[in-house]
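Trainee: I would like to learn how to read a model like this one. Where do we begin?

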Amino acid sequence: MIYEWQRVADDLERRIRAGEIPPGGRLENERELADVYSVSAGTVRRGVRELRERGLVVTLPAKGSYVVDPLPPASGPEGGESAD
């Protein structure tokens with residue numbers, strides 16, 4: 001079973017890696033993303049937290065979430081596995 005927040009995170013990662021949201025680019029705000037994905041703001045918040053854990057974005061208080069530059073390598077379909 002895939003949770004909605006995972007679907008949001010996976011699609012945002014796909015968009016980031018495809019260059020739709022470039023390094024240094026800002027993600028839409030929670031309300032906009034909630035509308036895009038037809039989910040709650042809380043679901044978006046959890047998805048963005050997952051992107052932070054994957055090392056793809058940083059969130060600046062009162063500023064938003066931005067794609068890191070450079071991007072980390074893709075972790076593969078399992079996700080979450082990386083060398084320390």
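Predicted model: local features only at pLDDT ≥ 70, side-chain atom pairs only at ≥ 80, totals over all residues.

Trainee: What is the mean pLDDT of the chain?

Mentor: The mean is 91, and 89% of the residues reach 70 or more. Over residues 78–84, pLDDT stays under 50. The model has 2 contacts beyond four places in sequence for that stretch.

Trainee: Which pattern does the chain follow along the sequence?

Mentor: It reads α-α-α-β-β. That is 3 helices and 2 strands. Of the contacts with a separation of 6 or more, 56% join residues 24 or more positions apart.

Trainee: How many of the residues count as buried, as a percentage?

Mentor: Of 84 residues, 31% are buried. The chain exposes about 5,500 Å², and carbon and sulfur atoms supply 52% of that area.

Trainee: Which members of the largest nonpolar core touch the most other members?

Mentor: Leu12, Leu27, Leu51 and Val57, out of 16 residues in that core. Helices α1 (4–17), α2 (30–37) and α3 (41–53) each supply at least two of its residues. Helix α1 gives the most, with 4.

Trainee: What does Leu51 touch?

Mentor: Leave out residues up to four places away in sequence. Leu51 then touches Ala9, Leu12, Glu13, Leu27, Leu56 and Val57.

Trainee: Glu13 is on that list. Is Glu13 buried or exposed?

Mentor: Buried means under 20% relative accessible area. Glu13 has 14%, so it counts as buried. It sits in helix α1. Beyond four places in sequence, Glu13 touches Leu51, Arg54 and Leu56.

Trainee: Which residues of α3 are buried?

Mentor: Thr43, Val44, Gly47, Val48, Glu50 and Leu51. They cover an arc of only 150° around the axis, so they lie on the same side of α3. Here is the general idea. An α-helix has 3.6 residues a turn, so residues three or four places apart point the same way.

Trainee: What do the buried residues of α3 pack against?

Mentor: They pack against α1, α2, β1 (57–60) and β2 (64–67). Take Trp5, in helix α1. Leaving aside neighbours within four places in sequence, Trp5 is in contact with Thr43, Arg46, Gly47 and Glu50.

Trainee: Next, the backbone. Which residue just after α3 takes a positive phi?

Mentor: Gly55, at about 80°. Ser38 has a positive phi of about 55°. Ser38 lies in the loop between α2 and α3. Ala62 has a positive phi of about 65° and is not a glycine either. Ala62 is in the loop between β1 and β2.

Trainee: Are Ser38 and Ala62 buried or exposed?

Mentor: The cut-off for exposed is over 50%. Ser38 has a relative accessible area of 65%, so it is exposed. Ala62 is at 89%, so it counts as exposed too.

Trainee: One last feature. Where is the cis peptide bond?

Mentor: Check omega. The cis bond joins Asp69 and Pro70, with omega about 5°. Pro70 lies in the segment after β2.

Notes:
Residues numbered from 1 in each chain as written. Heavy atoms only, no water. Core = buried A, V, L, I, M, F, W, Y, C linked by side-chain atoms within 4.5 Å. Buried < 20%, exposed > 50% of the residue type's maximum accessible area, 1.4 Å probe, protein only. Contact = heavy atoms within 4.5 Å. Areas by Shrake-Rupley, 256 points an atom, 1.4 Å probe, with all protein chains shown as cover. pLDDT = per-residue confidence, 0-100. Arc of directions from axis to C-beta.
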